[in-house]
Structure formats: structure tokens, C-alpha cells
Amino acid sequence: MTDFWLISVPLDKTSLTSVEKLKRNIAKTNLASCCRFSIPELKVGILDSLLSVSDDLSRLDILTESVIKKTHQCMREVMEQSDDKVLENALANGDHSMNQTATVSPLKAYLKSLRVDLISYMTRFQWDKAKYPTALPLSSLADIINKEVSQVETELKSRAAAYSSVKTSLQSMEHKLHGSLQTCSLNDIVRNEDLVTSEYLTTLMVVVTRGSYLQWERTYESFSQFVVPRSSRKLYEDGQGGIFSVTLFKRAVCEFKAKAQGSKFIVREYSFDLEAKQEQERKQRSVHKKEQYGIFVRWLKVNFSQVFIAWIHLKALRMFAESVLRYGLPVNYQALLLHTDKKRSKKLREELASLFKHLDPTATNSKTDVSFDIPGLCQPEYLSYICFYINTNLLELS
């Protein structure tokens with residue numbers, strides 16, 4: 001399991017020296033990997049609005065993370081827990097077209113090259129100025145992300161429900177066709193010669209439990225005077241019982257059914273046309289499900305990428321706002337992305353506390369009983385530096 005920490009320190013001489021020392025130490029000890037996290041210069045606005053935006057961003061961070069988790073979980077469920085397939089599709093950026101051709105245009109090849117895994121996207125993060133113009137106030141950028149994420153959340157619910165309905169409908173039909181003797185398909189059981197069909201006669205299929213075979217043989221002719229004597233044949237049996245055929249006049253079908261059901265025999269009318277119709281319906285539902293699967297998976301891929309990208313931009317927004325609030329104006333800070341193993345998190349935390357103690361000596365020994373909890377921060381303690389935890393473990397990245 002891996003941890004991603006997004007930290008921010010001011011660009012004073014002491015902090016810059018500490019950053020260089022941090023890079024050397026973690027490289028020497030294999031404690032973590034470190035890269036610069038590039039955040040553009042954004043509009044600061046007035047202090048009161050910045051405080052309000054900071055709170056809004058915190059709440060939006062929680063919402064966005066939950067939508068990412070739901071989208072990823074839905075992807076796993078639709079792909080039936082195939083982790084390899086999920087990892088192949090849980091990407092950021094790039095071309096998500098379902099149609100692939102042998103020859104790929106230069107533009108398409110370029111788009112495919114943009115498809116990167118989530119870790120690479122974070123470590124090579126570049127602000128998308130076209131989607132999130134830096135000239136806009138922080139509140140407007142937050143509104144863009146909020147609208148984007150909320151729309152995905154709403155559409156995910158409706159699409160997931162629609163696909164589930166299609167899948168359940170097909171599963172129900174397949175369960176019946178391959179289920180018990182009362183519902184299973186008779187295509188592989190009944191042959192042409194087993195059926196007697198004419199202007200007056202018909203053949204019914206009757207489900208008889210194993211313990212009732214003798215009762216059936218003794219009584220079926222008495223269910224109607226229009227039953228053809230000695231016409232019953234056992235066509236199939238399993239552990240539960242057997243399928244028996246019986247021939248009778250069409251005019252006696254209703255009477256026969258009533259008497260048979262009264263004796264706890266289940267009558268199944270059968271015709272090749274009826275079975276063919278049911279099989280055709282099953283095939284149509286299967287094709288429809290495959291079509292809906294393709295459409296839904298493509299939507300999940302595109303929108304997972306969209307929300308993940310929005311989430312990382314949101315982390316950048318939060319980092320900018322918190323850095324201005326903590327370190328003041330003019331805007332002068334450096335953001336770093338640390339990637340560490342969960343087992344090394346404690347040592348890395350100690351290293352950071354030691355190196356950046358000068359930023360706020362009182363924060364070094366802070367205890368949970370005097371701390372405040374900021375959603376999205378590494379831990380509830382107040383730190384001398386700013387730190388946001390990017391929870392990629394919810395995506396089961398390892």
C-alpha cells in the first residue's frame with residue numbers, strides 16, 4: 001500500500017535548505033520519492049473570501065473523493081471484480097474510444113500516449129488552464145469542479161441502476177432456463193418424435209418428483225377421459241425428479257392441468273415455437289446487455305478520469321489557499337509530492353517534523369487533545385508545514 005503526501009513550505013532560505021536536505025535524506029534511505037508539484041499563480045482575493053473558499057474546498061474534497069470511490073467501485077462490479085481490467089481502465093487523461101483500428105492516426109496516437117496511470121498523472125501534474133482558467137477567482141474554480149463532480153454522481157446513479165436492471169433481467173431469464181425442472185429449457189430434452197401435434201391432439205410436459213413416479217403412472221390417465229392411454233414417457237430426470245410427456249386431446253388441457261396440479265404435478269406446455277421464441281428473447285437480452293456493458297464501461301472510464309483529474313486540481317486549489325492563509329502574502333511557497341510506502345510513513349513524518357521545525361516550533365509536540373481536524377490533512381495534529389493526504393488506497397493501487 002502506498003501513501004501520497006502533498007506538502008507545502010515557504011520559499012525562505014531555511015526552508016529551501018531543508019527541502020534540499022529532505023531530498024538527499026529520503027533518496028539515501030529510500031524513505032520516499034519526491035517531486036515538485038506545480039501549482040500556477042491563482043487569484044487570492046480578500047482574506048474573508050479566502051477563508052470561506054477554504055472551507056468550501058474542504059467539503060468539496062470529501063464529496064469528490066467519495067464520487068471517485070463510487071465510480072471505481074462500480075467499475076469493479078461491472079467488470080466483475082477483474083482487478084487487471086480495472087487497473088487497465090482506471091487511467092487519467094487520454095483517448096477512451098471503444099473502437100480501435102489497426103492503423104492509428106497521428107492525432108489518435110498522441111491521444112493514446114496521454115493515457116497514463118494515476119501515479120504518473122500526479123507526479124507529472126500540469127494545471128489544465130483550458131478547463132480551469134487561472135484568471136477566475138478560486139470560488140469560480142471550485143464551482144466548476146463542484147458542478148462537474150455533482151453531475152457525474154447524479155448520472156452514475158441513473159446509469160448504474162439502468163445497467164443493473166438489464167443485467168438482472170438477463171440473469172433471471174438464464175437462471176430460469178438453466179434452473180429447476182419447473183423452469184429449465186427443454187430444447188435439449190424434447191425431440192420431435194416426443195411430440196404429438198395434430199388438429200385435435202397435443203403433448204404436455206409434466207414435472208414429477210422422484211417420490212411420485214408410481215403415483216403418476218397410476219393416476220395420470222384418470223385426470224381426463226380424453227388422455228391417450230399409455231402415452232406417458234419419461235424424457236429426462238435429475239436429482240429432484242423427472243420430466244414426463246403425456247398426450248391428450250386439446251379440449252381436455254384445462255381439465256387435465258387442474259387435476260394434475262391438485263395432485264402436485266406441475267404441467268408445462270411445450271412447443272418448439274415457444275422455446276425458440278424464449279431462446280431468441282434470451283439472445284436479444286444478451287446482445288443488449290453486451291451493448292450496454294460497452295457503453296457503461298466507456299462512460300465509467302471517461303468520467304473516472306474526469307473526476308480524478310478534477311480531484312487533483314482540487315488538491316492544488318486547497319494547497320494554494322492554505323499556503324496563502326498560513327504563509328501570507330506575497331504568494332511565496334513550494335509544493336512537493338511525496339510518495340512513500342505505508343510502512344515508512346512514521347519515519348517520513350519524523351523526518352519532516354525535524355526539518356521544518358523552524359516554521360512553527362509549537363507544532364512539533366502538538367497532541368491530539370489540543371489539535372483541530374482539517375478534512376483531507378495527513379492527520380488531525382497541527383503540523384509546522386502544510387500537508388494533504390491523497391488517498392489512492394481507496395482505488396486499491398499497490
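Colleague: Hi! In the open sheet of 4 strands, what order do the strands come in?

Modeller: Hello! This is a predicted model, and in it that open sheet runs β4-β5-β3-β6, with antiparallel pairing.

Colleague: Which are the edge strands there?

Modeller: Those are β4 (233–237) and β6 (266–269), since each pairs on one side only. From one strand to the next, the twist averages 30 degrees.

Colleague: And how many bridges join β4 to β5?

Modeller: There are 4 bridges between β4 and β5 (residues 241–249), and the two strands run antiparallel. As an example to look for, E237 has G242 in β5 as its bridge partner.

Colleague: Which strands pair with β7?

Modeller: Strand β1 (residues 2–10) is one of them, joined to β7 by 9 bridges in an antiparallel run. In that pairing, W5 stands opposite L338. Strand β2 (residues 33–36) also pairs with β7 in the antiparallel sense, over 4 bridges. There, C35 stands opposite L337.

Colleague: What about helix α9, how far apart are its end C-alpha atoms?

Modeller: They are 80 Å apart. The helix has 56 residues (272–327), and at 1.5 Å a residue it should span 82 Å, so the two values agree.

Colleague: What follows α9?

Modeller: G328 does, and its phi is positive, near 80 degrees.

Note on methods. Residues are numbered from 1 along each chain as its sequence is written. This is a predicted model: local features need pLDDT of at least 70, side-chain atom pairs count only at pLDDT 80 or more; totals for chains, interfaces and linings use all residues. Side-chain values use heavy atoms; hydrogens and water are left out. The expected span of a helix is 1.5 Å times one less than its number of residues. Two strands pair if DSSP finds at least two bridges between them. Axes are lines fitted to C-alpha atoms, for helices over the stretch in contact, and angles run from 0 to 180 degrees between N-to-C directions.
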